[in-house]
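Thanks for making the time this morning. I would like to walk through one model with you, going from whole-chain properties to a few individual residues.

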Amino acid sequence: MAKYVGALDQGTTSTRFMIFDHSGNVIAVDQKEHEQIYPKPGWVEHDAMEIWTRSKEVISGALAKAGIQPSDLAAVGVTNQRETTVVWDRTTGRPVHNAIVWQDTRTDTICNDLAKDGGQDRFREKVGLPLATYFSGPKIRWVLDNVPGVRERAERGEVVFGNIDSWCIWNLTGGVNGGLHLTDVTNASRTMLMNLKTLDWDDEILGILGVPRAMLPQIRPSSEVYGACKDPLPGIPVAGDLGDQQAAIFGQTCYAVGEAKNTYGTGNFLLLNTGTSPIQSQSGLLTTLGYKIGDQPAVYCLEGSIAITGALVQWLRDNLGMISQSSDIEKLAATVEDNGGVYFVPAFSGLFAPYWRSDARGVIAGLTRYVNKAHIARAVLEATAWQTREVVDAMNQDSGVALTSLRVDGGMVHDELLMQFQADVLGVPVIRPKVAETTSLGAAYAAGLAVGFWTQLEELRANWGVDRTWEPRMDPELREREYKLWKKAVTRTFDWVE
């Protein structure tokens, strides 16, 4: 009998394959970065062929590190950077254009034109999302409008669309030789094209956006046996598919209404389980699918999406050269007692929740001669915590329930200075689980449930354990005074792009 479950975790900056045992322990991991392509200001692309190559490499790498065969895996789950849009030729298996990444802002004109009739919330009641450059629908429209010959072929179903999950599953299950063209409800809910109630593509919105239904993947549950892998995991069932943030809430075992998690990655994403009915946000949050297990009712979430958090640390490293590796930022920031009056609002691709301002651009406010690079490093870390505070405020307002603690995961949760500051500015405990890479774990859980490797959610809950808790220590008056300055700095980013 197979002893493990695998997860292919295709992220914004890297791809990894993780292997877990029945207790949710990590057996092996292999990870590789891929190129970030910036053709113009505000444009961000990936080479989807490179992503598939990296995916195959990390699968082989993790199996080798674990010293196991593909047949030792009961199933494989897929999780992915959401909204990143791939349009490819079904016959050749080649993309017609580079993948357009979720951070990309080239569709601002399309979104503004759509908003002329009905405003930014034109489709929100149906899809739970504002009109924003973030989502896949306008990106598909851009490809159809700008790559010659693609629209006609898309109408015939020869050229197809998928977020990265669909691209990976299509390739895993054979690609041009019978690959499965599908997605799950969580990824479909990020396209601006899926109706939240019917869990199907919405024909009215497809018509308005000019996206042919023939190019879209079939929408399936998040946990279900879709089919078998061909290469590089011959015969292994592909049985789980969740967008990365939904995979993280699943891996954090937030299965009860009111449970929430925050993932600290390229951006930050705070999700709150709201149960089996969608709740429309009044405070700038997204209504999204949390997960759907087989034929059970779908579970919905409210989400606060922050575009730039970990990516700001990378920017400090790569663009300014202030640190040589990302982990150096904590040491540098710890050499000063506070931010020296500096606030850094990283609106590099506009502001996401709760503002949804594509006209915003990044600002460093409060500079004086006193400020040095350590203060800027500290302001970079604090920006993550302040942006999270704004999203938590919005979530408390929408749900009517005050957050009592925050479960955290992702790469930045090993930065203890940041985690303490996060607890301070929220005024609630911040809890890091034993397995911080809960995105991969959630995809593995979904796949394992589908094949009976795990039989119920309670088994998964039993695997979750606390690694460390940070209690708030900041004086409440100081917290509110600094928060007021942060919000003032945010207003300075508005209306930058005409």
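Predicted model: local features only at pLDDT ≥ 70, side-chain atom pairs only at ≥ 80, totals over all residues.

Let me begin with charge: the protein carries 47 positive and 60 negative side chains, and the centres of the two sets lie 2 Å apart. In that count Lys and Arg are positive and Asp and Glu negative, while His and the chain ends are not counted, and the place of a charge is taken as NZ of Lys, CZ of Arg, CG of Asp or CD of Glu.

Residues are numbered from 1 along each chain as its sequence is written, and side-chain values use heavy atoms, with hydrogens and water left out.

On the overall architecture, the protein has 16 helices and 21 strands, where helices (H or I, at least four residues) and strands (E, at least two) are DSSP runs numbered from the N terminus. The radius of gyration is 21 Å, close to the 23 Å that the globule rule gives for 498 residues, so the protein is as compact as a globular protein of that length; the radius is taken over C-alpha atoms, and the rule is 2.2 Å times the number of residues to the power 0.38. Along its principal axes the C-alpha trace spans about 65 × 50 × 45 Å.

The accessible surface comes to about 18,300 Å², of which 49% belongs to carbon and sulfur atoms; these areas come from the Shrake-Rupley method with a 1.4 Å probe, and for residues only the protein chains shown count as cover. Of the 498 residues, 62% count as buried, which here is under 20% relative accessible area, with exposed being over 50% and partly exposed in between (1.4 Å probe, protein chains only). If we take contact as heavy atoms within 4.5 Å, then residues 24 or more positions apart account for 72% of the contacts with a separation of 6 or more.

Which residues have the most contacts inside the largest nonpolar core? That core has 112 residues, and the answer is Tyr 134, Leu 193, Val 211, Met 215 and Leu 216; a nonpolar core is a set of buried Ala, Val, Leu, Ile, Met, Phe, Trp, Tyr and Cys residues joined through side-chain atoms within 4.5 Å. The largest share of this core, 13 residues, comes from helix α12, residues 373–399. Apart from it lies another core, of 32 residues, among them Ala 28, Ile 164, Cys 168 and Leu 182.

Returning to Leu 193, and not counting residues up to four places away in sequence, its contacts include Val 127, Ile 140, Trp 201, Val 211 and Leu 216.

Val 86 itself sits in strand β6 and, at 0% relative accessibility, counts as buried.

Now to the backbone, where I would check the geometry with some care. The peptide bond from Asp 231 to Pro 232 is cis, with omega near 5°, and Pro 232 lies in the loop between β11 and β12. A cis peptide bond also joins Ala 353 and Pro 354, with omega about -5°, and Pro 354 is in the loop between β17 and β18.

Beyond four places in sequence, Thr 253 touches Glu 259, Arg 407, Tyr 445, Leu 460, Arg 461 and Trp 464. Leu 199, which is not a glycine, has a positive phi of about 55°; Leu 199 lies in the loop between α7 and α8 and is buried at 18%.
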